[in-house]
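Subject: Structure handover and notes

Hello,

My notes come after it.

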Amino acid sequence: VYNEEKYIEACLRSILANTVQPYEIIVADGGSKDKTKELVQKFPEVTLANNPKRTAASGRNVGIACAAGDIIAFTDGDCLVEKHWIESIDHVFEDGSVDGIGGKVIAHQAENEYEQFWNHLAWSILMNFGDEPYRVKNRTMNDAFVTANCAYRRKLLEELNGFDEWFGNNAEDIDLSWRALKQGAHLLYYPDAVIYAHGVTTMKGIKAKSFRNGISSCKLQKRYGGHINYDWNIYKMWFKTLIKIFRWKKMEKMQFAELSWHLLGKYYGSFKYHVFNI
């Protein structure tokens with residue numbers, strides 16, 4: 001977490017309200033300047049760990065290092081877990097052959113139009129979650145596990161050396177699940193393990209997340225996809241939105257901002273990581 005005072009209490013309460021109680025809850029804080037740490041310390045069941053590198057990847061690794069359990073589940077500080085979340089995870093891992101699971105992400109009720117736009121983009125377009133379980137076999141974006149809702153055996157995490165901190169805040173969770181598949185891990189999508197995710201609530205947030213997504217695509221390309229990649233569909237959507245400029249409504253403005261900042265992130269990432277990703 002970082003500056004998560006808005007949602008962290010509700011997140012922790014949702015975990016503690018589960019039908020099966022966790023053996024431990026660890027919050028890895030990346031130097032929050034707000035009341036996040038103070039709020040976490042109100043929960044005696046929770047271990048507050050320091051994440052000095054302040055990235056998502058390093059925070060996950062701090063949590064793994066602090067954890068004592070054999071099954072380590074991940075969620076985000078702005079998420080609410082469904083009351084059977086831990087029970088569902090336990091149920092899957094009763095099958096000793098399963099090494100990791102990814103659960104279903106449902107958008108939380110949006111507080112404004114910005115969050116509604118982002119939730120639809122993130123969880124219905126970029127990624128979507130079905131209602132049937134299946135064995136994950138392919139390294140695709142839609143099949144990748146996001147750390148808003150996933151769990152792995154400690155043994156596998158140790159074999160993979162945890163999250164690759166080179167990814168920082170950009171696609172570190174996707175990289176982990178793809179490396180697990182490459183190693184031959186048995187990964188299962190299990191929709192009964194449900195969490196509810198909040199999204200960004202401002203135009204500034206849409207721009208920042210879109211820029212990070214552009215950088216993420218460059219890092220994944222650097223690691224998995226070669227040096228050259230282009231996606232004309234983004235440009236088609238960008239121009240399609242641009243020609244409506246004189247009759248833009250808020251939805252068109254958000255879409256134009258998302259596409260523009262995603263492209264800027266791709267250009268920046270291409271320059272920084274020496275790939276051609278446009």
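This is a predicted model: local features need pLDDT of at least 70, side-chain atom pairs count only at pLDDT 80 or more; totals for chains, interfaces and linings use all residues.

Residues are numbered from 1 along each chain as its sequence is written, and side-chain values use heavy atoms, with hydrogens and water left out.

The whole chain

The chain has 10 helices and 10 strands; helices (H or I, at least four residues) and strands (E, at least two) are DSSP runs, numbered from the N terminus. Its radius of gyration is 19 Å, close to the 19 Å that the globule rule gives for 278 residues, so the chain is as compact as a globular protein of that length. That radius is taken over C-alpha atoms, and the globule rule is 2.2 Å times the number of residues to the power 0.38. Along the principal axes, the C-alpha atoms fill a box of roughly 55 × 40 × 40 Å.

Of the 278 residues, 50% are buried. Buried means under 20% relative accessible area, exposed means over 50%, and partly exposed is in between (1.4 Å probe, protein chains only). The chain exposes about 14,400 Å², and carbon and sulfur atoms supply 54% of that area. Accessible areas come from the Shrake-Rupley method with a 1.4 Å probe; for residues, only the protein chains shown count as cover.

Contact means heavy atoms within 4.5 Å.

On charge, there are 35 positive and 34 negative side chains, and the centres of the two sets lie 9 Å apart. Lys and Arg count as positive and Asp and Glu as negative; His and the chain ends are not counted. Each charge is placed at NZ of Lys, CZ of Arg, CG of Asp or CD of Glu.

Helix α4 (residues 85-93) has the buried residues Trp85, Ile86, Ser88, Ile89, Val92 and Phe93. They cover an arc of only 160° around the axis, which puts them on the same side of α4. The arc is that of the directions from the helix axis to the C-beta atoms. What covers these residues includes α1 (8-16), β3 (71-74), β4 (79-81), β5 (100-107), β7 (150-153) and β8 (187-197).

In helix α9 (residues 232-242), the buried residues are Ile234, Tyr235 and Thr241. Seen down the axis of α9, they fall within an arc of 130°, so they line one face of the helix. They pack against α10 (250-273). The face of α9 turned away from the buried side carries the exposed residues Lys236 and Lys240.

The loop between α6 and α7

Most residues other than glycine have a negative phi. Asn161 is not a glycine, yet has a positive phi of about 60°. Asn161 lies in the loop between α6 (154-159) and α7 (172-182), and is exposed at 67% relative accessibility. Ala171, found in the loop between α6 and α7, has a positive phi of about 65° and is not a glycine either. Ala171 is buried, at 8% relative accessibility.

Ser216 of helix α8 (residues 203-225) touches Asn170 and Ala171, not counting residues up to four places away in sequence. Ser216 is buried, with a relative accessible area of 10%.

Leu121 is in helix α5 (residues 113-126) and is buried at 9% relative accessibility. Leu121 and Gln255 are 134 residues apart in sequence and 9.5 Å apart in space, C-alpha to C-alpha.

Gln255 belongs to helix α10 and is partly exposed at 29% relative accessibility. The C-alpha atoms of Gln255 and Tyr268, 13 residues apart along the chain, are separated by 20 Å.

Cys66 is found in helix α3 (residues 56-66) and is partly exposed, with a relative accessible area of 38%. Cys66 and Glu24 are 42 residues apart in sequence, and their C-alpha atoms are 9.8 Å apart in space.

Regards
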